[in-house]
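User: I'd like to go through the inside of this protein with you, starting with any cavity and then moving to the rings. Can we look at it together?

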Amino acid sequence: MQPVVIIPTFIAGRRHRSGSNAIATYDHVTPLNDPGELGRCLASLEKVRGLGLVVVLVAAEAPFEAQAAEKVQAVVDQHPSLNVLVIGAAELSLVRQRMEQLKIGKLSREVGLSGYGAVRNLGLVVANAFGFDAVVFLDDDEVVDDPDFLETAMYGLGKLTKKGIPILAKTGYYLNDRGSYLSKWEDAWYNRFWQQGRAFNEWISKAMKGPRLSRSNHVCGGCLAVHKEAFRRLAFDPWITRGEDLDYMLDLRMYGSDIWFDNHWVLRHLPPEPSSEGDRFRQDIFRWIYEYRKLEYSRALIDLQQVKPKSLEPYPGPFLEPGLTRRIRITAFLRSLVLPDKKAYRRAAKAARKEAQTYAERNCAKYFEFQYAWPEAMARLEGDEALSEALLRSSLHHAAQVGAVEEPAAVAPASFDPGLTSEIRLNVAE
C-alpha cells in the first residue's frame with residue numbers, strides 16, 4: 001500500500017489571538033516571520049522508507065494566504081528529496097471550481113482551510129482525487145524517528161480481525177519532550193473537577209500493555225491512518241473547535257466502524273509552548289459542550305449506533321456525561337485563582353455559561369446533514385484527473401515563483417488490494 005502523507009500547517013500574519021471565531025482559533029500557529037516547526041518535520045521524513053507524496057495544507061488568515069503559501073513553499077524547497085505538494089488558497093479555489101463543475105453542493109464551510117475539521121476534509125478530497133487508498137495524517141510539530149514509520153502505519157489497515165471486522169482507521173501514540181507517552185497533567189487541587197490527564201493516562205497505560213491492536217478510545221490526529229473505505233464514506237466534523245480527531249472516532253462508531261490503537265506506532269510530538277493555556281481551555285469548553293450536544297442529538301437518529309459515555313471509560317467518557325458544564329465552570333474559576341492566565345480562564349468560565357452552549361445548540365445537527373452529501377461528493381471526485389492535474393500545475397507554478405527549478409515527481413499511487421476480503425486475520429483485542 002502506498003499512502004499519501006498529509007500535514008496541515010497553520011500560519012498567522014501577526015500574533016494569533018483568541019477571537020470570536022471559535023472554529024479558526026488554533027492551538028499552535030506559526031507567524032509569517034517565524035521559521036516554525038514544519039522544516040524539522042519534513043527533515044525527519046527524509047529517512048522514511050517508501051515515502052511517496054506528501055501534501056502540506058496551508059491554513060492562514062485571508063490577508064496573508066498568498067504570503068503563507070510562499071513561506072511554506074520556501075520551507076519545502078529546502079527538502080528537494082521529498083515529493084511535496086503545497087495546497088493553499090489558490091489550490092482550494094481549484095477544488096471548489098471542480099466541485100461546481102461536477103455539480104457537488106456548496107461545501108465551503110465543510111471543505112476548506114479554516115478550522116481543523118474542514119482542513120482535514122480538504123486533505124481527504126485531495127487524496128481521493130489522486131486515487132490514494134490510504135491517508136496518514138501528521139502534524140507539523142512532530143518528528144518521525146523510525147525509517148519504517150509508514151510500514152508500521154499500514155500494519156493491519158484494510159485487513160480483517162479474527163472476527164471478520166475490517167480495520168479502516170488506526171492511531172498510534174506520541175512521545176513528549178520527556179520521552180513519555182503519559183500526559184503532563186498536574187494532580188493539583190484546582191483540577192479536582194477536571195481529571196482529563198489522569199483519565200487519559202489510565203487508558204493509555206492499559207492499552208500499551210495490551211495486544212498490538214485494540215479498539216481505541218483515543219486518537220492522535222498527528223499519528224492517524226485512514227483507509228479509503230472510511231474516508232470516502234465519513235468526513236471530519238467542521239463544526240468542532242478542536243479534538244476533531246477524537247470526534248472522528250466517535251463519528252465512526254455512530255456509523256458502524258471504529259478506530260484501532262497500535263501500540264507499536266509512535267512518533268515524537270514537540271509543540272511550542274502555548275501562548276495561553278486559558279484560551280486553550282476555552283476551546284476545550286466549546287469542544288466538549290458541542291460533543292455532548294452532538295451525541296445527545298444523535299440518539300434521535302434511528303440509523304445511527306448509539307455511543308454512550310460508559311462505553312468510553314476511563315477516557316473520554318467522564319467528559320461526555322451530564323454535569324459537564326458545571327464542572328467546566330468550577331474548573332475555570334479555580335484555575336483563575338492561581339494560574340498566570342487569570343483573565344483567559346475567566347473568559348472561559350463566561351463562555352461556558354452561554355456562548356459555548358449557544359454554539360453547540362445551533363450547530364450540533366449540521367454534521368449529520370453534511371454526511372448525507374459527503375459520500376456522493378467523494379464518489380464524483382474519486383481519481384479525478386482534471387483536478388489532480390490542475391493541482392500539480394498550480395504547485396509547479398508556485399514553486400517556480402519562489403525559486404524552485406525542479407519539476408515535482410509524478411504522483412502515481414501504487415496499486416492496492418483493499419484487503420477487506422483478505423484471508424489474513426489479525427489477532428487483536430476485540
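Predicted model: local features only at pLDDT ≥ 70, side-chain atom pairs only at ≥ 80, totals over all residues.

User: Which element gives the largest share of the lining of the largest cavity?

Analyst: A cavity here is a set of points on a 1 Å grid over the protein atoms alone where a 1.4 Å probe fits but cannot get out, and lining residues have an atom within 4 Å of a point. The lining includes T9, I11, K71, V72 and V75. Two elements give two or more residues to it, β1 (4-12) and α2 (65-76). The largest share, three residues, comes from α2.

User: What volume does the largest cavity have?

Analyst: Grid points are joined across faces, edges and corners, and the volume is the space filled by probe spheres set on the points. The structure holds one cavity of 30 Å³ or more. Its volume is about 50 Å³.

User: On to the rings: what kind of aromatic pair do W203 and F261 form?

Analyst: Rings of Phe, Tyr and Trp (its six-membered ring) pair if their centres lie within 6.5 Å; planes under 30 degrees apart count as stacked, over 60 as edge-to-face and the rest as tilted. The whole structure has 24 aromatic pairs. W203 and F261 sit 5.2 Å centre to centre with 70° between the planes, so the pair is edge-to-face.

User: Where in the chain are W239 and F370?

Analyst: W239 and F370 also make an edge-to-face pair, at 6.4 Å centre to centre and 75° between the planes. The two are 131 residues apart, so this pair links distant parts of the chain. W239 is in the loop between α7 (228-231) and α8 (244-254), and F370 is in helix α12 (residues 366-381).

User: Are W239 and F370 buried or exposed?

Analyst: The cut-offs are under 20% relative accessible area for buried, over 50% for exposed, and partly exposed in between (1.4 Å probe, protein chains only). W203 and F261 are both buried. For W239 and F370, the answer is buried.

Key:
Residues numbered from 1 in each chain as written. Heavy atoms only, no water. 1 Å grid on protein atoms, 1.4 Å probe; cavity = no way out; pocket = protein on both sides within 12 Å on 5 of 7 lines; lining within 4 Å. Helix = DSSP H or I, 4+ residues; strand = E, 2+ residues; numbered from the N terminus.
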